[in-house]
Amino acid sequence: MDLFDRMFLLVKGMFFTFIIPFIFAYRIPNYYFGVELVFTDDALLWFPGYALICLGLLGYLWCFVHFIFDGRGTPAPFDPPRRLVAKGLYLRSRNPMYVSVLLVILGWTLVYSSPLLLYYGVTIFFLFDVFLVGFEEPILQKKFPVAYPRYCDEVPRWIEIRERE
């Protein structure tokens, strides 16, 4: 894959990122959610909220780079990676991009101290899960018939929680 192809993937991936995750993780919670969002004065919520937002953004960007350079595709369902990406955050979760978007929503929930945003985040979680189980995972099963089932056996759908040894 030459430089032009990678740059084209990067542009397509950035376009998708600024449309879908931006809308779900920022635009809807801040402008269209139907609640007046007011910053909380409680620094105990404000600081961890922004920490979660930053963590979510960094996680998404890390996965985005893996999709472009290792998977040779974009996060968009219409232009998925051509190779199974099973490195970095993808060793802890099969869906770290979705987890990252949920972290951003949870961060906004803390920053604005809004229980309604928490309900929104839970709703988005369930919608993501339905999309994954009903659409994305069956496609990956067909596209990577040997590697994907093995990957599913080794890595959880959402996050890995290890017990202390």
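Student: What covers the buried residues of H5?
Tutor: The cover over the buried residues of H5 includes H4. Keep in mind that this is a predicted model.

Student: Which residues are buried in H5?
Tutor: Tyr 148, Tyr 151 and Cys 152 are buried there. Look down the axis of H5: its buried residues fall within an arc of 100°, so they line one face of the helix.

Student: And which residues are exposed on the other side of H5?
Tutor: Asp 153 and Glu 154 are exposed on that side.

Student: Back to H4. Where is Gln 141 placed?
Tutor: Gln 141 sits in helix H4.

Student: What does Gln 141 contact, leaving aside neighbours within four places in sequence?
Tutor: With those neighbours left aside, Gln 141 is in contact with Tyr 148 and Pro 149. Tyr 148 is one of the buried residues of H5.

Student: How far apart are Gln 141 and Cys 152 in space?
Tutor: They are 9.7 Å apart, C-alpha to C-alpha. In sequence, Gln 141 and Cys 152 are eleven residues apart.

Student: Why does Gln 141 count as partly exposed?
Tutor: Gln 141 has a relative accessible area of 36%. Buried means under 20% and exposed means over 50%, so a value in between counts as partly exposed.

Student: New topic. Where is Asn 95 found?
Tutor: Asn 95 is in the loop between H2 and H3.

Student: Is Asn 95 buried or exposed?
Tutor: Asn 95 is buried, because its relative accessible area is 6%, and buried means under 20%.

Student: Which residues does Asn 95 touch, not counting those up to four places away in sequence?
Tutor: Not counting those, Asn 95 touches Leu 132, Glu 136 and Arg 157.

Student: What about Ser 100? Which helix is Ser 100 in?
Tutor: Ser 100 lies in helix H3. Its relative accessibility is 4%, so Ser 100 counts as buried. Leaving aside neighbours within four places in sequence, Ser 100 is in contact with Gly 56, Gly 59 and Tyr 60.

Student: What is the lining of the largest pocket like by class?
Tutor: By class, the lining has 27 nonpolar, two polar and five charged residues.

Student: Let's zoom out. How many helices and strands are in the protein chain?
Tutor: There are five helices and zero strands. From the N terminus on, the elements run α-α-α-α-α.

Student: What share of the protein chain is buried?
Tutor: Buried residues make up 38% of the 165 residues. The accessible surface of the chain comes to about 10,300 Å². Of that surface, 70% belongs to carbon and sulfur atoms.

Student: Last one. What share of the contacts with a separation of 6 or more is between residues 24 or more positions apart?
Tutor: Residues 24 or more positions apart account for 73% of those contacts in the protein chain.

Conventions:
Residues are numbered from 1 along each chain as its sequence is written. This is a predicted model: local features need pLDDT of at least 70, side-chain atom pairs count only at pLDDT 80 or more; totals for chains, interfaces and linings use all residues. Side-chain values use heavy atoms; hydrogens and water are left out. Ala, Val, Leu, Ile, Met, Phe, Trp, Tyr, Cys and Pro count as nonpolar, Asp, Glu, Lys and Arg as charged, and the others, Gly among them, as polar. Helices (H or I, at least four residues) and strands (E, at least two) are DSSP runs, numbered from the N terminus. Buried means under 20% relative accessible area, exposed over 50%, partly exposed in between (1.4 Å probe, protein chains only). Contact means heavy atoms within 4.5 Å. Accessible areas come from the Shrake-Rupley method with a 1.4 Å probe; for residues, only the protein chains shown count as cover. The arc is that of the directions from the helix axis to the C-beta atoms.
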